[in-house]
Amino acid sequence: MFVLAELKDTVRIAPELFNLKLPEAIKDEVNRKLANKVLLNVGLCIALKDIVKLGDSIILPGDGASHTEVNFRYIVFRPMIGDVITGKIRSCSREGVHVTLGFFDDILIPPSALQHPSRFEEAEQAWVWEYPLEDGKKHDLYMDIGESIKFRVSGEVFEESSPIGPPDQEVATATAASSTSTSATTAEGNKTPYRIMAAINESGLGLLSWWVTQSQEEEGDEEEQEGEEEGEEMEEDE
């Protein structure tokens, strides 16, 4: 689920940080720059692991800060395809079940990857697994917000998003051009840089409460059967 990414960057240290030791200043600056950020085709950056190599520090003309080329290893969240993870249901929509891990929210289980058959309840805003019973009837199992859910990672999507310009940028004179620019900026701002696609359409996956209840019932049946067998043996001995 977490991997080490080997990265390289030129780190700028402002003059007011010259009182710190260079590795300490670089560590703080790298974490400030990367922590909780998504790197394209790398993953969600969590924290600096260690510094592998420090290059020479230089000061550029007109800039009092030092610039140092750094090779380092960074802890990154990027689960492998096929990994089984437990999270909590954040919300449900017609797009599927949205899951959160607490520090990462962009996990989607699409309708095609839910237990079959499932339906979406508009009134409850929840997906429901129509669990088939032995007598041919169905028992509704709701996927409620906040429930713990176990899922398998089935895919990942990276999207490159451009930074949004400042709010006081020059407004286009033509109304049509202004409208087009605004809608394009909004669409760009709504892009999710890193999403995980997941599935629960396998035995043992889905809400933890489903399988806990089932295992308890099976254990109860086994204990009852063992009790009956012991009773029969005692009767035979008598």
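Buried residues are those with under 20% relative accessible area, exposed ones have over 50%, and partly exposed ones lie in between, as calculated with a 1.4 Å probe on protein chains only.

The legends below describe a predicted model, in which local features need pLDDT of at least 70, side-chain atom pairs count only at pLDDT 80 or more, and totals for chains, interfaces and linings use all residues. Residues are numbered from 1 along each chain as its sequence is written, and side-chain values use heavy atoms, with hydrogens and water left out.

**View 1. The whole protein chain and its secondary structure.** The protein chain contains three helices and 13 strands, where helices (H or I, at least four residues) and strands (E, at least two) are DSSP runs numbered from the N terminus. Of its 238 residues, 28% are buried. Taking a contact as heavy atoms within 4.5 Å, 66% of the contacts between residues at least 6 apart in sequence join residues at least 24 apart.

**View 2. Two cysteines, C45 and C92.** C45 is buried, at a relative accessible area of 1%, and C92 also counts as buried, with 7% relative accessibility. The structure holds zero disulfides, a disulfide being a pair of cysteine sulfur atoms within 2.5 Å.

View 3. Four strands, in the order 1-4-3-2, form an open sheet with antiparallel pairing, two strands being paired if DSSP finds at least two bridges between them. Strand 1 (2-13) and strand 2 (38-39) are the edge strands, each pairing on one side only. Strand 2 is joined by two bridges to strand 3 (residues 43-59), to which it runs antiparallel, and V38 stands opposite L44 in strand 3. Helix 1 (residues 22-34) lies across strand 1, strand 2, strand 3 and strand 4 (66-77), and runs at about 135 degrees to strand 3; axes here are lines fitted to C-alpha atoms, for helices over the stretch in contact, and angles run from 0 to 180 degrees between N-to-C directions.

View 4. Strand 6 (residues 96-100) is largely enclosed by the rest of the structure, because five of its five residues are buried. Five bridges join strand 6 to the antiparallel strand 5 (residues 84-93), with I89 opposite V99, and two residues link these strands in a hairpin. Strand 6 is also joined by three bridges to strand 7 (residues 107-109), again antiparallel, with V97 opposite I109. Six residues lie between strand 6 and strand 7 in their hairpin, where G102 in the turn has a positive phi of about 100 degrees.
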